[in-house]
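Hello,

Here is the structure we talked about, with its sequence. Please open it first, then read the notes below it.

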Amino acid sequence: MSSNSSSSPSKFQSSSNTDGSPSTNLPLKPIPGNCGRPFFGPIKDRFDYFYHQGKDTFFQTRMLKHQSTVFRTNMPPGPFISSNPNVITLLDAISFPILFDNSKVQKLNVLCGTYMPSTAFFGGYRVCAFLDPSEPKHAILKGLFFSILASRHDKFIPLFRSCLSELFINIEDQVSDKGKSYFNTLSDSMSFDFVFRLFCDQIPLDTSIGSKGPTLFDKWLFFQLAPLITLGLPKLFNFLEDLLLHSIPLPPFLVKSSYRKLYNAFYVSMTSILDEAERCGIKRSEACHNLVFMAGFNAYGGMKSLFPALIKWVGLAGEKLHRQLCDEIRNIVRVEGGVTLSALDKMTLTKSVVYEALRIDPPVPFQYGKVKEDLVVHSHDAAFEIKKGEMIFGYQPFATKDPKVFEDPEEFVGHRFVGEGEKLLKYVYWSNGREIDDPTVENKQCPGKNLVLLMSRVMLVELFLRYDTFTIEAGTLLLGSSVTFTSLTKVTSI
């Protein structure tokens with residue numbers, strides 16, 4: 001697809017910078033790059049993305065080639081899963097927020113990008129995550145989510161601390177017995193346990209799914225997200241993997257029984273929630289499929305990526321940061337008389353560390369939106385015309401590591417958002433919105449955004465109430481990071 005810059009700027013809407021002021025004095029430029037010939041261009045870009053270059057290098061080389069953080073390319077999966085893989089890519093902190101402006105971009109069926117998984121994965125429903133805010137059902141469903149979370153807010157801290165206590169006991173036992181402990185598997189089990197107990201008021205082991213919840217959700221997630229994943233196999237198998245994962249959708253019937261087990265367990269255990277959904281005018285089956293999606297894709301899937309990343313960056317930061325966190329956390333808990341919302345709010349370094357982990361390693365790296373009307377989007381140094389109907393794509397890890405906004409953007413700086421650094425929070429994008437914005441029924445920001453922040457802080461609090469320091473080994477997985485604890489130094493004094 002070639003860029004089109006022949007239209008007069010006066011017929012385009014002008015997007016605003018993140019501080020709300022339009023950049024009217026920047027030169028108007030055509031969008032560089034192209035998507036190549038139909039079919040062949042998307043296939044070439046797909047192989048570059050997955051096999052020849054890898055994600056970050058894919059974007060870096062194109063950004064350098066075009067000398068622009070805004071350019072045209074194709075995003076996987078392409079043929080034959082997505083009908084149109086052509087996108088306009090945004091890689092800087094200034095242009096990126098256009099993706100959060102629902103007056104300018106449509107969020108209809110774009111959660112996974114240029115394709116949508118079959119609704120057979122969700123009981124035949126288009127669940128809330130795939131709805132645009134303009135659709136009436138969006139506000140009803142998201143309002144239900146808010147109501148559920150509000151009714152359970154008193155359980156957040158005590159329930160999560162209970163789950164974390166078991167997690168750290170298991171980690172400690174494994175390190176003691178084997179010299180190391182693989183965090184991800186234990187964290188996944190803890191995350192599922194917390195989510196199920198929060199929504200269902202039952203321990204998963206006392207239900208029909210027993211200890212299989214994480215495995216069932218993992219399989220269900222893999223079949224939906226396979227077009228965006230590479231298994232990291234030897235090059236000899238690249239063509240076969242591409243054919244199986246990126247060219248043909250994996251059939252939902254292969255995970256139907258797994259999903260049905262999850263659905264039945266939630267349906268039986270969420271009677272009061274489903275009663276509330278019916279009072280809101282939502283069928284019980286539709287409400288349950290939406291809640292299973294929120295519990296599995298949004299909550300469990302998000303924690304599956306978030307918690308290992310948080311522990312990885314804090315672990316790699318070393319003993320100096322650990323001592324600082326110990327001092328802050330233990331002093332405030334002692335003064336406040338416990339781990340309370342008030343205590344957590346006073347922990348400025350702990351909050352900053354969580355924000356920094358979300359900045360440097362956002363749990364959801366991609367954002368998509370289809371332009372509603374012709375508009376102009378601004379980067380740091382240029383303006384670009386985008387036509388109605390074009391797909392905009394943002395790669396979040398580049399936008400949140402914009403060197404023109406953040407000093408040493410590739411480095412984990414625990415105190416980055418302390419004091420005057422708080423002003424930079426408007427450039428932290430991780431929850432389908434800016435950190436300074438709040439989720440509402442009118443936007444697509446994650447309804448559990450504040451709960452995610454709370455849990456991340458509580459995880460650090462619980463960790464440093466128990467241990468003075470720890471060491472880890474870190475690696476990469478299909479989606480996110482792998483973390484293995486190699487040592488834990490128990491608390492010596494409080």
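**What was found**

The protein chain has a mean pLDDT of 94, and 95% of its residues reach 70 or more. pLDDT is the predictor's confidence in each residue, from 0 to 100. Residues 1-22 fall below 50, and this stretch has 57 contacts in the model beyond near neighbours in sequence. Contact means heavy atoms within 4.5 Å.

This is a predicted model: local features need pLDDT of at least 70, side-chain atom pairs count only at pLDDT 80 or more, and totals for chains, interfaces and linings use all residues. Residues are numbered from 1 along each chain as its sequence is written, and side-chain values use heavy atoms, with hydrogens and water left out.

**Thr-350**

Thr-350 sits in helix H13 (residues 348-360). Helices are DSSP runs (H or I, at least four residues), numbered from the N terminus. Thr-350 has a relative accessible area of 1%, so it counts as buried. The cut-offs are under 20% for buried, over 50% for exposed, and partly exposed in between (1.4 Å probe, protein chains only). Leaving aside neighbours within four places in sequence, Thr-350 is in contact with Leu-325, Glu-328, Ile-329, Arg-457 and Leu-460.

**Leu-236**

Leu-236 lies in the loop between helix H6 (213-225) and helix H7 (238-247). Leu-236 counts as exposed because its relative accessibility is 74%.

**Cysteines**

The disulfide count is zero, where a disulfide is a pair of cysteine sulfur atoms within 2.5 Å. Cys-112 is in no disulfide; its nearest cysteine sulfur, that of Cys-128, is 14 Å away. Cys-112 is buried at 5% relative accessibility.

Best wishes

Conventions. Helices (H or I, at least four residues) and strands (E, at least two) are DSSP runs, numbered from the N terminus.
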